Amino acid sequence: MLNIVIFGAPGSGKGTQSDKIAERYGLQHVSTGEILREEIASSTDLGKLADSYMSKGELVPDCVVIEMLEELIARNKGAKGFIFDGFPRTVPQGEALNQLLQRHDETVTIVVSLEVEDEELVDRLLKRGAISGRADDNRKTIESRLRVYYRQTAPLKDFYRSKDLLKEITGIGSVESIFESIVKEIDKVIV
Ligand code: ADP
């Protein structure tokens with residue numbers, strides 16, 4: 001199996017690149033943010049809980065997303081591999097992902113980190129908010145998401161660097177050129 005984690009701040013382009021990676025390598029795209037937004041749209045209990053965090057730009061509790069992931073992996077046993085987009089977002093989630101995969105005799109193959117400076121991130125998210133109307137793409141929530149990213153998510157970079165899995169890629173440029181850089185790194189680890 002090919003298990004890719006795509007990592008980066010909000011607005012770094014994880015979702016866009018994940019779709020392309022999933023298509024190129026035939027992987028199952030797992031976006032915890034998308035799953036949670038669907039739960040919110042269907043007004044499920046999980047959705048109501050998630051919304052109370054997401055609307056403030058905070059993370060949904062680890063135990064909730066970990067359980068969601070556990071079910072998803074179990075349901076997709078036959079997959080060629082996964083691209084994890086927006087998960088893990090904390091070190092405990094990173095540890096849980098390792099354990100989950102281990103249970104299926106699998107590991108994380110590579111972690112791609114998209115590097116984009118804050119100013120550009122805020123710009124992109126404000127633009128996206130204006131077009132898509134995504135509830136959390138407003139200035140106040142964006143600032144909180146960035147703070148949460150640096151405090152809770154960025155430490156995962158050292159976690160994966162120490163396992164020699166981290167590949168940092170510049171997330172500035174055209175979608176195609178960034179995708180090419182990612183593909184180069186992935187192809188190095190699968191051949
Ligand atoms: P972005 O990376 O632009 O913030 P996402 O769709 O990945 O977009 O995430 C949107 C929101 O969903 C996050 O701010 C957070 O509240 C929640 N969320 C998504 N994934 C996780 C996760 N793995 N753990 C906790 N909360 C999450």
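How many residues surround the ligand, and which are the closest? The ligand is surrounded by 20 residues, the closest being Lys-14, Thr-32, Glu-58, Gly-86 and Arg-145. A residue counts as near when one of its heavy atoms lies within 4 Å of the molecule. The model is predicted: local features need pLDDT of at least 70, side-chain atom pairs count only at pLDDT 80 or more, and totals for chains, interfaces and linings use all residues. Residues are numbered from 1 along each chain as its sequence is written, and side-chain values use heavy atoms, with hydrogens and water left out.

By class, the shell holds 7 nonpolar, 5 polar and 8 charged residues. Here Asp, Glu, Lys and Arg are charged; Ala, Val, Leu, Ile, Met, Phe, Trp, Tyr, Cys and Pro are nonpolar; the others, Gly among them, are polar. Helix α2 (residues 32–41) contributes the most to this shell, with 4 residues. Helices are DSSP runs (H or I, at least four residues) and strands likewise (E, at least two), numbered from the N terminus.

Polar contacts are pairs of N or O atoms within 3.5 Å. A backbone N or O atom of Gly-86 lies 2.9 Å from a ligand nitrogen. A polar side-chain atom of Gln-93 also lies 2.9 Å from a nitrogen atom of the ligand. On the side chain of Arg-145, an N or O atom is 2.9 Å from a ligand oxygen. The protein covers 97% of the 540 Å² of accessible area that the ligand has on its own (Shrake-Rupley method, 1.4 Å probe).

Salt bridges number 14, each defined as a side-chain nitrogen of Lys or Arg within 4 Å of a carboxyl oxygen of Asp or Glu. Arg-37 pairs with Glu-34 in this way, their closest N and O atoms being 3.1 Å apart. Both lie in helix α2, and because they are 3 residues apart, about one helical turn separates them.

Two backbone features fall in loops. The peptide bond from Phe-87 to Pro-88 is cis, with omega near -5 degrees. Pro-88 is in the loop between β3 (81–85) and α5 (91–103). Ser-43 is not a glycine, yet has a positive phi of about 50 degrees. Ser-43 is in the loop between α2 and α3 (45–54).

Terms used
A polar contact is a pair of N or O atoms within 3.5 Å; within protein, one must be able to donate a hydrogen and the other to accept it, and residues adjacent in sequence count only if both atoms are side-chain atoms.
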